[in-house]
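Have the structure open and follow along.

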Amino acid sequence: MKNSRLIKRNTGMMITLVISIMLISCKNEKKVSQKDLDSTKTTKIEIKQTSKDLLNGVSKAVCYSGFRTGQHPDRGEGAVNPSDEQILEDLQIISHDSLFNLIRLYDSGENSEAVLQIIEENKLDIKVMLGIWLKAELSAHETCEWLTEPIPADVLAQNAIANQKEIQEGIRLATKYSESVIAVNVGNEALVEWNDHKVDTDSIISYVQKVQKAIQQPVTVADNYEWWAAKGQTLAKTVDFISIHVYPVWEGKDINEAMSYTIENVQKVRNALPDSKIVITEAGWATAASEFGERASEEKQKQYYNDLMKWSSEMNITTFFFEAFDEDWKGETANALGAEKHWGLYTVDRKPKKVML
């Protein structure tokens, strides 16, 4: 009996020991699994693309809008456009002096057609990302600080009709000037909550698909990096590549944080949309701005431009620097130092800033 009890006790101890070891093993496995899970969450997906992902094979590009003092796009009473001679002068500065051969236009209006025609007639070494400008189809008065009241329903309806006409013009220009137009952008910052020309995402998707069916060039949508990272999954599956805007100076960063924050922005998009080709369609630094104080200067613009273009080349990311020339029609008329007026690599009277010297 004694030996029997001893055997039973030893057997019981062995069973307890085995169970304990199994429990400890399971707990450790759970810890490892959780650790692996946490590691996965913080893993950064490689930003670098291949050279095939570059637009027109280049990383360096520039945004172009040629309105000089006294000129402006249509703000309700008609546009005052640059002359053909002025446009040619600008394009020669861009391609000969600044050595850009890829520019971004923002709409498919009369002025954009003049730019395309002048490029073709003068056989300029410039390719174009053509824009299709979308007006508000939704009233963002509750989220846009400069919309003080709702946009009337009849205005929104008229805008929707105007947007269809703009889309048709974009298709026409992309087809007519197919040698110059290498990509088409549908809508510029029309998805973010804080802008005054908001359009529903599903509507933009349908517009993109309409353009894709009509032309041979790739089609994209340009918007803030934060929107793409948070809400861009469905649209990213529709476009041929995604176009993001990054502005560290608008987000309170000074030049010492500019590139690290830019890379952080791009990384955020890459992590959210790992299979999408990325193009930076706006990134820049103001040279004067009442909103930014000492953070705005020609010296800081030069540093940001040089750092950004070096990094973009290394990453195989086409980057459109914003912008070629200052535009004094933008922003508040009374505020000559408003940031919107001073992003150019050249002044409004076409003098080079320090970055271009």
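Let's start in helix α8 (residues 255-272), where you'll find arginine 270. Keep in mind that this is a predicted model. Is arginine 270 buried or exposed? Arginine 270 is buried, yet it has no salt bridge. The nearest side chain of opposite charge belongs to aspartate 53, and that is 6.4 Å away. A salt bridge here needs nitrogen and oxygen within 4 Å. What arginine 270 does have is a backbone neighbour: a polar atom of its side chain lies 3.5 Å from the backbone oxygen of proline 274.

Helix α8 also holds asparagine 256, which counts as exposed at 65% relative accessibility. Its C-alpha atom is separated by 9.3 Å from that of lysine 300, 44 residues apart along the chain.

Now for charges that do pair up. Side chains of opposite charge can pair when their charged atoms come close. How many salt bridges are there in this model? The count comes to 15.

| Acidic residue | Basic residue | N to O distance |
| Glutamate 282 | Arginine 104 | 3.5 Å |
| Glutamate 193 | Lysine 231 | 3.8 Å |
| Glutamate 226 | Lysine 268 | 2.5 Å |

Take the salt bridge between glutamate 282 and arginine 104. That pair links distant parts of the chain, with glutamate 282 in strand β7 (residues 278-283) and arginine 104 in strand β2 (residues 102-104), 178 residues apart. Both glutamate 282 and arginine 104 are buried.

Next comes the salt bridge of lysine 231 with glutamate 193. Lysine 231 sits in helix α6 (residues 225-231) and glutamate 193 in the loop between β4 and α5, so the pair ties together parts that are 38 residues apart in sequence. Lysine 231 is partly exposed at 47% relative accessible area, and glutamate 193 is partly exposed at 36%.

Glutamate 226 counts as partly exposed at 32% relative accessibility, as does lysine 268 at 40%. Elsewhere, Arg68, Glu89, Asp90 and Arg350 are linked in a network of salt bridges.

Which residues make up the patch of negative charge on the surface? They are Asp84, Glu85, Glu120, Glu121 and Glu179. Helices α2 (84-97) and α3 (110-121) each supply at least two residues of that patch. Glutamate 120, in helix α3, is partly exposed with a relative accessible area of 44%.

On to the backbone. Most residues other than glycine have a negative phi, and most peptide bonds are trans. Glutamate 189 has a positive phi of about 50°; it is found in the loop between β4 (181-188) and α5 (201-214), and is buried at 13% relative accessibility. Asparagine 316 also has a positive phi, about 55°. It lies in the loop between α9 (298-315) and β8, and is buried with a relative accessible area of 14%. Finally, a cis peptide bond joins phenylalanine 322 and glutamate 323, with omega about 5°; glutamate 323 lies in the segment after β8 (319-321).

Terms used. Residues are numbered from 1 along each chain as its sequence is written. This is a predicted model: local features need pLDDT of at least 70, side-chain atom pairs count only at pLDDT 80 or more; totals for chains, interfaces and linings use all residues. Side-chain values use heavy atoms; hydrogens and water are left out. Patches are made of residues with over 30% relative accessible area and no salt bridge: like charges are joined within 9 Å, nonpolar side chains (Val, Leu, Ile, Met, Phe, Trp, Tyr) within 5 Å. Accessible areas come from the Shrake-Rupley method with a 1.4 Å probe; for residues, only the protein chains shown count as cover. Lys and Arg count as positive and Asp and Glu as negative; His and the chain ends are not counted. The place of a charge is taken as NZ of Lys, CZ of Arg, CG of Asp or CD of Glu. Helices (H or I, at least four residues) and strands (E, at least two) are DSSP runs, numbered from the N terminus. Buried means under 20% relative accessible area, exposed over 50%, partly exposed in between (1.4 Å probe, protein chains only). A polar contact is a pair of N or O atoms within 3.5 Å; within protein, one must be able to donate a hydrogen and the other to accept it, and residues adjacent in sequence count only if both atoms are side-chain atoms.
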